Amino acid sequence: MSSNSDQYAFIGLGAMGLPMAINLQTSFSSNNLPPLIVYNRTFSKTQSVKEIGAIAATNLKQVIEYANIIFTSLANDDAVNQTYDQLLKELELVNDSNKRKRIFIETSTIFPTTISALREKVEKANNTVLLHCPVWGPPKAAKSAQLSIITSGNKDAIDYILPVLIPVLGKQALPTGDDVTKAAKFKLLGNYFILGTVELLSEGITFAEKTGLEKEMALEFISSVYSTNMYMHYATKMIEERFDKEIGFSVTNALKDVGHIQKLAKDSGAHLPVADLMSKNLNYAKDNEPGAEDYCWSCAIGSLRVASGLPFMNKNAKKE
């Protein structure tokens, strides 16, 4: 269990990282624990966490000097590697008189070989552990601490931080053991099921419209016969054309994950035609609809609409 001797930090205040950092700081304040240190390359994004008591670091050197438990939530593999290279460089220079154990908790969706190589680099440093704990759920789930959190890495370190993961950040932990590549593969597997859902809904709703049915009838079917939170969530967004990335998963990040899924499938000898379809539809949206790289990936339906002779979005589209 965390104590007053621990200093937490959070690096990366994007759509997922910011609400996670806010939940951590709120919990620390209510339990009289030291304030969270936050760092983001765009410093202005630290403001909302600072307002509730967090300390904003201006560089990664300050993070390493003061924090011993460090979360990272970053956009892609390159950002993860660059950030950890800098953290490790600063760690070599720090005068750490009490030789505290440092736990790094990487929560991003990255390729299995990326996290494996990173763990090897990080754990070469004295008294240092890297956990891979990617999360499932949209920003809304991050805000309400309803994430599902995959855990992997050193068991003692996981046990130590688990009371902070659950319930402060999420509703359940999904352990995958010591092998951090399993967590990365598990996250990509889960995302594959989700992207398959998005693809099926995109096809079905477009099918309804092209056959002369009101597309809202597709939502009626899902609600009455096949109602799951995910189906209702994405079907409603498609029908209402509410593609704002803050309530979904951006096309840019989706293409990164689909690329990882395709590569893992190729490396494993698996055939995943749905992943190829989603890659095609997402790339069409990015290349042909202005600003679509920042839309939610549910806008993949736009590619199918165009292929079916419909506009990418209706004129009354709600982009928020």
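## The sheet

Six strands, in the order 3-2-1-4-5-6, form an open sheet with parallel pairing. Strands are DSSP runs of E with at least two residues, helices are runs of H or I with at least four, and both are numbered from the N terminus. Two strands count as paired if DSSP finds at least two bridges between them. Strand 3 (55-56) and strand 6 are at the edges with a single partner strand each, so one side of each has no neighbour in the sheet.

This is a predicted model: local features need pLDDT of at least 70, side-chain atom pairs count only at pLDDT 80 or more, and totals for chains, interfaces and linings use all residues. Residues are numbered from 1 along each chain as its sequence is written, and side-chain values use heavy atoms, with hydrogens and water left out.

Strand 1 (residues 8-11) and strand 4 (residues 69-72) are joined in the parallel sense by 4 bridges. Tyrosine 8 has isoleucine 69 in strand 4 as its bridge partner.

## Strand 6

Strand 5 (residues 102-106) runs parallel to strand 6, and 5 bridges join them. Phenylalanine 104 is opposite leucine 130 in strand 6. With helix 5 (residues 112-122), these two strands make a right-handed β-α-β unit; right-handed means that, with the strands pointing away from the viewer, the path from the first strand over the helix to the second runs clockwise.

Why is strand 6 described as largely enclosed by the rest of the structure? In strand 6 (residues 128-132), 5 of the 5 residues are buried, where buried means under 20% relative accessible area, exposed over 50% and partly exposed in between, with a 1.4 Å probe and protein chains only. In a regular strand, side chains alternate between the two faces of the sheet. Here Thr128, Leu130 and His132 are buried on one side, and Val129 and Leu131 on the other.

Most residues other than glycine have a negative phi, and most peptide bonds are trans. Alanine 145 has a positive phi, near 55 degrees, and lies in the loop between helix 6 (139-143) and strand 8 (147-151). Alanine 145 is buried at 12% relative accessible area.

Glutamate 241 also has a positive phi, of about 55 degrees. Its place is the loop between helix 10 (229-240) and helix 11 (251-268), and its relative accessibility of 3% counts as buried. The peptide bond from isoleucine 166 to proline 167 is cis, with omega near 15 degrees; proline 167 lies in helix 7.
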